[in-house]
Amino acid sequence: MTISLIAAVGKNNEIGCGGNLLCHLPADMKHFRDITTGCTVVMGRKTFDSLPKGALPNRRNIVISRQLNLKSVGAEVYPSLDKAFLQLLNDEEIFIIGGAQIYEQTLPLADKLYLTKIQAAFPAADVFFPPINPKDWLVLSRETHPADEKHPYSFTFVELKRNTI
Ligand SMILES: NC(=O)c1ccc[n+]([C@@H]2O[C@H](COP(=O)([O-])OP(=O)(O)OC[C@H]3O[C@@H](n4cnc5c(N)ncnc54)[C@H](OP(=O)(O)O)[C@@H]3O)[C@@H](O)[C@H]2O)c1
């Protein structure tokens, strides 16, 4: 099972503000959809609560929560990451989609990172992606998009693989 983290981060590793994303980048939404559709996505309960239309369609939604008896429409709820991962052993690749608490706990286990690096700082941000050590990661691909009328900032899709050498 390949464990992949996927996140959109600002210049200071910001990922969210007041329970929401940093900004709206339609091309990043499409990128996220293209990469995760048909696969399992794992998220913290707060990220699930922040999804505007609830569970993400055409994906197996897994929510991590300590709340006993929490039910989430369209999602399976597990009380720990370990218990969730036990159910996913047959998956070829699973996607950890946030938020900060869940990224922090899964970064040490991650095989791949799909990062959208937004070329802007967000001073009001209150949640952050954990620091990564560049020596631990090899860049597989990098694709930069300029700002335009639909995208207030330029951004770069970066795909990284853990350096096992
Ligand atoms: N930029 C991005 O790519 C991106 C992606 C995703 C999310 N976000 C942003 O990130 C923010 C949410 O992140 P967050 O760190 O506040 O919350 P989170 O990681 O989404 O969820 C935290 C919750 O997950 C549960 N949890 C965490 N660790 C657990 C464990 N070991 N065992 C059982 N349950 C556990 C707890 O739920 P209970 O309280 O129910 O027990 C905890 O309150 C939002 O602003 C969101 O928009 C950004």
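From the N terminus on, the elements of the protein chain follow the order β-β-α-β-α-β-β-α-β-α-β-β-β-β, with helices (H or I, at least four residues) and strands (E, at least two) taken as DSSP runs and numbered from the N terminus. The radius of gyration, calculated over C-alpha atoms, is 15 Å, close to the 15 Å that the globule rule gives for 165 residues, so the chain is as compact as a globular protein of that length; the rule is 2.2 Å times the number of residues to the power 0.38. The model is predicted, local features need pLDDT of at least 70, side-chain atom pairs count only at pLDDT 80 or more, and totals for chains, interfaces and linings use all residues. Residues are numbered from 1 along each chain as its sequence is written, and side-chain values use heavy atoms, with hydrogens and water left out.

The chain contains 4 helices and 10 strands. An open sheet with mixed pairing is formed by 8 strands, in the order β5-β4-β3-β6-β1-β7-β10-β9; two strands pair if DSSP finds at least two bridges between them. At the edges lie β5 (75-78) and β9 (137-145), each of which pairs on one side only. Strands β1 (residues 2-9) and β6 (residues 93-96) run parallel and are joined by 4 bridges. Within this pair, I3 stands opposite I94 in β6.

Of the 165 residues in the protein chain, 42% are buried, that is, under 20% relative accessible area (1.4 Å probe, protein chains only). Among contacts (heavy atoms within 4.5 Å) between residues at least 6 apart in sequence, 65% join residues at least 24 apart.

Methods. Buried < 20%, exposed > 50% of the residue type's maximum accessible area, 1.4 Å probe, protein only.
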